[in-house]
Amino acid sequence: MKHNRIRPALVGLFALLAALLPWLTGNIYYLHVATVIGVYWVLIATLNLLVGFTGQLSVGHVGLLAIGAYAFCLLAGGQGWHPFLALLSGGAICAVIGLLLGLPSLRLPGFYFAMATLAFGLIVSELALAEQWLTNGSVGMPAPSFPAPFDTPRGFYWLVLGIAGLVTWMTSNVARFMWGRAMVALRDSTVAASSVAVPIYRTKLIVFVFSGFTAGIAGGLYATSQTYITPDAFIVNLGIYFFVAIIIGGRGVIIGPFIGAAVLAAIPELVGPLAKYGTFFYGLILLIVVLVLPGGFGELITTLAAKLRRDAPSATSIEPDLPSLRDVIRGQT
Amino acid sequence: MSGALEARAVIRRFGGLLAVDGVSLELRPGEIHGLIGPNGSGKTTLLNLISGYYTVDEGSIVLAGQDVTGHSVRDRALSGVARTFQTPKLVLSLPVLDNAMLGGWRSVRSGFLETAIAAPRPKREEAEIRARAIDILRGVGLGQVMDKRADLLEHTAQRFLEIARALTSRPKFVLLDEPAGGLTGTEIQHLADIIGVMRDGGIGVLLVEHHTDFVFRVCDRVTALNLGRVIVHGSATAVRNDPEVIRVYLGA
Amino acid sequence: MLLVVVSGLALGGLYGMTALVYNVMYSTSKVLSFGTGQFAMVGGICTAWLVLDLHWPLWAGFIACLVSGAVFGWLSEVIAVRRIVAASDEHLWVLSTLALSTMVQEAMSLVWGTDPTPFPRVLPQEFAGAFDQKFWLPMILAVLMAVGLEQFYRRSMIGKLFIAMSEDSFAARARGVATDRMRSLSYVLAGVLGALSGFAGGQLTFADFALGTALGLSGFIALAVGGIGSSVGALVGGAILGMLTSLTTHYFGAEYQKTIAIGLLILLLVVRPQGLFGTTQVRQV
C-alpha cells in the first residue's frame, strides 16, 4: 500500500535472476529445489491472503494440495485429458471443495475454524490412503508431464515460474487496492470492518475459494515436479510448514512469506540428515516468532524502516483546515 | 420527517433490566443532535440500537422513511450511517491514510477478481478514495501523519482519525460516541468546529456525550435520558434550562 | 454388538475426559489449547516406557505419568499462554499452542519412535471381551473426573476462583485474585487430568506419538457438541462422538471415522453453535 520506487526495481531484478536461474546454476538438483519452492509459492501466495491478510488460520490447506495433485494425475493420466485442461480442472475442483468447506466453517470463531481445516487435512490424507479404487492407496500414482517445451526440467521450471509470477501479481494487486485494506480490517477489527460495510463472511469465503483454486493448481504442478505421488507426501506437517512460512514472513506482506517459504523449503534440502527434525524446528520457529515477533519478519523490517525514518510516537498537533474540510464535505453529499 | 434517522418507541432489555424504555429520537440531516444522560441512562445502548449493534426488543428504527429495524450493521453502514466508538476501533497495523480510506469501501464496486487483475475500475476507485481521504485528513488536521501507523498515534489523533474514516464514507448521518473523552480544551474546540462543518454540509450528527457544556454549546437540539427514558427533548437552550434536567444532573 | 457399544462408550470416555481438560484450561485463560491431546500422549508414553522398558512398578509409573502431565501442563502455560494472554492480539494463542503441540509431538516421535506400543495392564485380568478393563477404565474414570471436577468447582476455594475467573477475569483480578498463579495452577491440573486420561485409555489406544493430535481433535468435537464450560456436556458429547465412531467403524470401516466426526461437528455448529449444554456469549462493542 505504500508507494516506493525501490520495491518495483528489486522485484524486477529478482524476476530477472529467477528467469535466468537455469543458466546461473548448472545443477539440476538446485533447479528442482527452486521449482518446488515455486510450486509451494503458488499455494502459499494466496494462502497468505487468507491467513496473513484476512486472518483465517487454515491449518489444513495441504488437503487441497493433495486433491489438486490427485485430480491432475487422474484426469491427465488416466483420462487422457490435455495437461493444461487437467491442471485448470484440478484448480476448479479444489475451488468447489474450498467453497463447500468454507461455507459452514468460516462462520466459526478462529480456533473452531483452525480445527475444522485441520480435520479436513487429516480426512483427505485418510481417504487418500483408504480409497484405493481412486488413488491406488499407499502405492500412489505417476504424474503426467506437460507437453513440450515444458517437459524438460528447465522448461517446467519456467512454467512454474510463469504461473507463480502470475499468482504473485494477482495477490499483490488485491493487497494494494481497497480489497486488501478490507481484508486486513477484517483480521484486526471486525467491529471496524463491519462499521465501514465490509461484508465479513462473503469476503472470507471469496478469499478461501480463490486460495483453494490456486492450491489445486499447485497440486497439479507439485505432482509433475515429483513425477510420482503417494499419500504420505501430503501429511499435515506440510500444512504446518505453509502456515509457518506465512507467519514468520509476516502477515499482511507479500514478500515476507515468499522469503519464509524459500528459506523453510531450502533448509531441509540443504541440511540433509537433519531433515527429520524439520517439523520440530518449524514448530520451534513458529513459537519463537509468535512470542517475540508476532508480525513476523515482515513487520520487523517495516518497524526498523519506521525507526530509521524517526517515526516515533510523538505528539501530533492537530490543526484542522476547516475551509477545505467544508469543501470536501460539500462536494460529496 | 422525511430523510431523518429515527428511533421510534424503542425498548431494549438486558435480562431483567430495562435499558431503553420506549425512547423516540429523531436525527435530522443538517443538524447536530445531542444525546445526554448520566451513567446507565441508556445513551450508548440507544446508539448501539440505532447503528445496529444491538437488536430492538420492541419499536423500530427508521431511515428516510424506510424501516431498517432488521438491518445489520453493515446494511446500515451501506445506507450512509457512520459511527465512531468510545474506544477507537482502528486497524492498528495500517497507516493513518489506509484507515481513513477504509471509509471509502462503501463506494467500491470492483470485485475480487477484477481487483486481482488490476482492471481500470479498481485503480480508479483507489485513486478517488485516496484523494478524498487525503483531503479529509488534512481537513480534520491529520495531514502531517498520514503515513504513520495507527498504533503510533496518541489518543486524540485516533479519535479524529475515526471521524475522518466516517467522513470518507460520504455519510448521511454520523453517530459520535463520546468523542470528547480525553480531549483538551483546544482539541474540544477543534472537534466542535469539525462537527459544525459536518452539519453545514448536510450531515446529521448524533453526539452522545458526557461533557454537557460541550453539548449545549454545539448542538441544535438535545435529547436527555435518565434511567432509559426520555426526560425532555427540544432545542439546546430549552433542554439546558429544563428543571428536570437540572435536577438529574445537579440534584441528589 | 455389545462390543461395539462398549468400545464406543470407552472411546467416549476418553474423548469426554479430553473435553474436560479443555474446559479446565479454558476456564482461566479463555484459551483452547491445540496441545490438549498431548497430555494424554505424553502420559501414556511415559508410563509405557517406565513400566515396560525400565520395569518400574505400576504405581510408580502411574505417579510419574501424573507428574509428567503436571510438568507439561505447567510448561504449556508458561511458554505458550502467559505472554499471549497479556498481549492484545488474541488469536496468537492458536498459533503458539499449535507450535508447542507440534514440537511436543515431533520430539516424541524422534525420541520414542513412530510405532504404537502396547500399554501395560493396570489391574490383573485374565479374560478379554466386553468386560475388558481397557473399556471400563476410561468410562469409569471419565465419570469420576467429571463428578470430581464439579465438586472441586463447587466446594473448594480454588475451584470457585476458577469459576470466577472464567466469568470475568478483570473483576477477579480487581478483587485480588492472583490470576497468573491460578491460570498456571489450572494448566497443571489440566496436565494431570490429561495424563490420567492417557493412563486410563492407554490399553485402548496404545502408546502412540500421533495420539495427541487425534485426541485433541476428537476431544474438541466432544467439547463443541457438549458445549464449552459444561462437564455434563463434555461427557455427553464424548459419548455421542464415541458411539458414532464405533458404529461407523463397525458398519463402514475405520477409514470414515474422521469424516463422520467432522460432519457431526459441522452439522452441530450450524444448528446449535453453543453446543448442547453450553451458554451463548455476546459481547462486542
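Mentor: Helices and strands first: they are DSSP runs numbered from the N terminus, where a helix is H or I over at least four residues and a strand is E over at least two. This is a predicted model, so local features need pLDDT of at least 70 and side-chain atom pairs count only at pLDDT 80 or more, while totals for chains, interfaces and linings use all residues. Residues are numbered from 1 along each chain as its sequence is written, and chains are lettered from A and ligands numbered from 1 in the order in which they are written.

Trainee: Okay, where does Met145(C) lie?

Mentor: Met145(C) is part of helix H5 of chain C, residues 133–155.

Trainee: And is Met145(C) buried or exposed?

Mentor: The general idea is to count other C-beta atoms, placed from the backbone, within 10 Å of the residue's own: 20 or more is buried, 12 or fewer exposed, and in between partly exposed. Met145(C) has 22 such neighbours inside 10 Å, so it counts as buried.

Trainee: Which residues is Met145(C) in contact with, leaving aside neighbours within four places in sequence?

Mentor: Contact means that two C-beta atoms, placed from the backbone, lie within 7 Å. On that basis Met145(C) touches Met17(C), Leu20(C) and Leu193(C), once neighbours within four places in sequence are set aside. Ala214(C), for its part, sits 69 residues from Met145(C) in sequence and 21 Å away in space, C-alpha to C-alpha.

Trainee: Zooming out, how many helices and strands does chain C have?

Mentor: Chain C has eleven helices and zero strands. Of its 285 residues, 54% count as buried. Among contacts between residues at least 6 apart in sequence, 78% join residues at least 24 apart.

Trainee: What does the radius of gyration say about chain C?

Mentor: The radius is taken over C-alpha atoms, and the globule rule is 2.2 Å times the number of residues to the power 0.38. With 285 residues, a compact globule would come out near 19 Å, and chain C has 18 Å, which agrees. Along the principal axes, its C-alpha atoms fill a box of roughly 55 × 45 × 35 Å.

Trainee: Next, helix packing. How do H4(A) and H10(A) cross?

Mentor: Axes are lines fitted to C-alpha atoms, for helices over the stretch in contact, and angles run from 0 to 180 degrees between N-to-C directions. Here the axes of H4(A) (83–105) and H10(A) (200–226) come within 7 Å and cross at roughly 145°. For handedness, a crossing is left-handed if the near helix is turned anticlockwise from the far one by less than a right angle, and right-handed if clockwise. H4(A) passes H10(A) in a right-handed crossing.

Trainee: Which residues meet there?

Mentor: Among them are Ala86(A), Gly90(A), Cys94(A) and Gly98(A) from H4(A), with Leu205(A), Phe208(A), Gly212(A) and Gly216(A) among those from H10(A). For classes, Ala, Val, Leu, Ile, Met, Phe, Trp, Tyr, Cys and Pro are nonpolar, Asp, Glu, Lys and Arg charged, and the others, Gly among them, polar.

Trainee: What about interfaces between chains: how many residues of chain B are in contact with chain A?

Mentor: 59 residues of chain B are in contact with 41 residues of chain A. H5(B) provides the largest share of chain B's side, ten residues. By class, that side divides into 30 nonpolar, twelve polar and 17 charged.

Trainee: And which domains does chain B have?

Mentor: Domain bounds come from an automatic or database domain assignment. For chain B it gives domain 1 (1–80 + 171–252) and domain 2 (92–168). Their C-alpha centres lie 26 Å apart, and ten residues of domain 1 touch nine residues of domain 2. On the domain 1 side H7(B) gives the most, with three residues.

Trainee: Back to burial: how enclosed is H1(B)?

Mentor: Nine of the nine residues of H1(B) (43–51) are buried, so the helix is largely enclosed by the rest of the structure. Lys43(B) is one of the buried residues. Gly52(B) follows H1(B) with a positive phi, near 105°.

Trainee: Which phi does Ala197(A) have?

Mentor: Ala197(A) has a positive phi of about 75° although it is not a glycine. The residue lies in the loop between H9 (190–195) and H10 of chain A, and is buried, with 25 C-beta neighbours inside 10 Å. Arg170(B), also not a glycine, has a positive phi of about 50°. That arginine counts as partly exposed, with 19 C-beta neighbours inside 10 Å.
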